[in-house]
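Here is a quick briefing for anyone meeting this structure for the first time. Take a look at the sequence and the model, then read on.

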Amino acid sequence: MIITEKWAFCHIPKNGGTNFVMRSPYEPDKKLNNISRHNPPNLFEGVNVPWVGIVRNPYSRYLSWYFFAKKLQSWNYTFEDFVKLDLFKQPETSGDKFISNRGGHWHRWWPQHYWTDHGVKTFKLETDLEEMEFYVGFLFSDTKHNSTEHEEWQKYYTDNLKEIVYDRFRADFDAYEYEK
């Protein structure tokens with residue numbers, strides 16, 4: 001999390017936040033680690049400036065989570081398994097204990113609106129980063145730190161997988177006006 005005199009950054013997991021933080025001329029809060037910095041805004045006291053955050057197409061975000069988790073956990077699960085088994089809700093594959101032990105008050109399976117429902121001004125990763133750069137006063141969209149390597153999200157989804165992810169994250173599709 002970064003707090004300036006004009007805004008505070010809400011770091012929603014797997015939405016380009018690490019790139020934003022690494023390019024920022026402002027120092028992140030040193031009391032926070034790479035897990036607790038992703039906590040929702042309502043858990044931070046004394047922030048008296050507007051919150052800003054990056055949102056992402058839920059299909060793309062979920063695929064990014066898959067590749068990120070696969071890299072960290074050496075999974076043999078396919079993307080289809082990941083979606084159909086809802087692996088982040090399974091105790092043995094959720095990572096929730098690791099997250100909570102590091103000060104995280106969030107879950108990897110949470111929709112993005114859990115962060116933005118607290119009055120966060122959102123910018124879409126796909127279309128609004130130039131506008132966000134103007135708002136925050138620095139460039140960051142020309143680099144990609146902590147991104148996962150994969151093809152476009154459309155290549156990984158069948159109609160059935162899209163339907164499952166849409167149902168799981170319908171609130172995000174609606175809130176940020178992403179197409180089903």
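K89 counts as partly exposed, at 48% relative accessibility (buried means under 20% relative accessible area, exposed over 50%, and partly exposed in between, with a 1.4 Å probe and protein chains only). You'll find K89 in the loop between helix 3 and helix 4, where helices (H or I, at least four residues) and strands (E, at least two) are DSSP runs numbered from the N terminus. From K89 to V49 the distance is 34 Å in space, C-alpha to C-alpha, and 40 residues in sequence.

Some ground rules: this is a predicted model, local features need pLDDT of at least 70, side-chain atom pairs count only at pLDDT 80 or more, and totals for chains, interfaces and linings use all residues. Residues are numbered from 1 along each chain as its sequence is written, and side-chain values use heavy atoms, with hydrogens and water left out.

**Salt bridges**

- The whole structure holds 8 salt bridges (a side-chain nitrogen of Lys or Arg within 4 Å of a carboxyl oxygen of Asp or Glu).
- One of them joins the side chains of D86 and R168, at 3.5 Å from N to O. D86 sits in the loop between helix 3 and helix 4, while R168 belongs to helix 7 (residues 159–168), so this pair ties together parts that are 82 residues apart in sequence.
- K155 is exposed, with a relative accessible area of 61%, whereas E151 counts as partly exposed at 44%.

**The nonpolar core**

- In soluble globular proteins, nonpolar side chains tend to be buried together.
- Here the largest nonpolar core has 38 residues (such a core is a set of buried Ala, Val, Leu, Ile, Met, Phe, Trp, Tyr and Cys residues joined through side-chain atoms within 4.5 Å). W51, Y62, F79, F82 and Y157 touch the most other members.
- Strand 2, strand 3 (51–55), helix 2, helix 3 and helix 7 each supply at least two residues of this core.
- Which element gives the largest share of this core? That's helix 2, with 8 residues.

- Four strands make up an open sheet in the order 1-2-3-4, with mixed pairing (two strands pair if DSSP finds at least two bridges between them).
- Strand 1 (2–3) and strand 4 (120–124) stand at the edges with a single partner strand each, so one side of each has no neighbour in the sheet.
- Strand 1 pairs with strand 2 (residues 8–10) in the antiparallel sense, over 2 bridges. In this pairing I3 stands opposite A8 in strand 2.

**Pocket and cavity**

- On a 1 Å grid over the protein atoms alone, a cavity is a set of points where a 1.4 Å probe fits but cannot get out, and a pocket is an open set with protein on both sides within 12 Å along at least five of seven lines; lining residues have an atom within 4 Å of a point.
- Grid points are joined across faces, edges and corners, and a volume is the space filled by probe spheres set on the points.
- The largest pocket has a volume of about 1,100 Å³. Its lining counts 43 residues, and K14, R56, S64, N146 and S147 lie nearest its centre.
- Helix 1 (17–23), helix 2 and helix 4 (96–101) each supply at least two residues of the pocket lining, with the largest share, 6 residues, coming from helix 2.
- How many cavities of 30 Å³ or more are there? The count comes to 1, and the largest cavity holds about 30 Å³ of space.
- P58, R61, Y62, W65, Q112, F169 and D172 line the largest cavity. Helix 2 (residues 58–73) gives the most to this lining, with 4 residues.
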